[in-house]
Structures are given as structure tokens and as C-alpha cells.
Amino acid sequence: MICVHPHHQKRGVGSALMARVLELADSRGVPIFIKDATPAGKPLYLACGFREVDTLRFEYGGEVVVMYTMERPPAGGGGG
């Protein structure tokens, strides 16, 4: 899980962290699967080449919660 403190969001920190994770995964041919992306995190994942494969909606504490399942193959189409 990658999280950025709210005081440091919207400054490229999350993108830099994600870029490093993707670099490591791509160098090893490893696909990445995220089972619980939040609506706030979804735009970053989409910008990094992930695609949405499922949406989960449930009620928690009287509110509807939405989570996304996202996936991204390694760059170059390798892995598996």
C-alpha cells in the first residue's frame, strides 16, 4: 500500500513512489493487481497505466463505500 500524508498530496510524491514501484515490477516482468483502490487513488492508477477490472460497492457505517480492482501488466507485455 502506498499512502501520502494529506499535507504532502498533490505535489507529485505519490506519482514518484508509484513510478519506482512500476520500474521495479517492470524490470522483473511482474504484473500488479490492486484489489482495493479508493476513488481518491483511482486517477493516479489510471494515469500509471492501470485499468479497472471490477467495482465493489457496499454499505459501511450508513454510507456507501466504493472500491476498485485495478490491474497493470508489466511494460513490454511480459510477466504472467
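Predicted model: local features only at pLDDT ≥ 70, side-chain atom pairs only at ≥ 80, totals over all residues.

1. In helix α1, the residues G14, M18, L22 and A25 are buried, where buried means under 20% relative accessible area, exposed over 50% and partly exposed in between, with a 1.4 Å probe and protein chains only. These residues cover an arc of only 60 degrees around the axis, which puts them on the same side of α1; the arc is that of the directions from the helix axis to the C-beta atoms.

2. Residues are numbered from 1 along each chain as its sequence is written, and side-chain values use heavy atoms, with hydrogens and water left out.

3. What covers the buried side of α1? The cover of its buried residues includes β1 (32–37), α2 (42–47) and β3 (63–72). Helix α1 itself takes in residues 13–27, and its 15 residues should span 21 Å at 1.5 Å a residue, which agrees with the 21 Å between its end C-alpha atoms; the expected span is 1.5 Å times one less than the number of residues.

4. For the chain as a whole, the secondary structure comes to 2 helices and 3 strands, and along the sequence these follow the pattern α-β-α-β-β. Helices (H or I, at least four residues) and strands (E, at least two) are DSSP runs, numbered from the N terminus. Of the 80 residues in the chain, 25% are buried.

5. Strand β3 also holds T69, a residue that is buried, with a relative accessible area of 14%. Leaving aside residues up to four places away in sequence, T69 touches F33, I34, K35, R51, E52, V53 and D54, where a contact means heavy atoms within 4.5 Å. Among contacts in the chain between residues at least 6 apart in sequence, 52% join residues at least 24 apart.

6. Just after α1, G29 takes a positive phi of about 70 degrees. K10, in the segment before α1, has a positive phi of about 65 degrees although it is not a glycine. Is K10 buried or exposed? At 86% relative accessibility, K10 counts as exposed.
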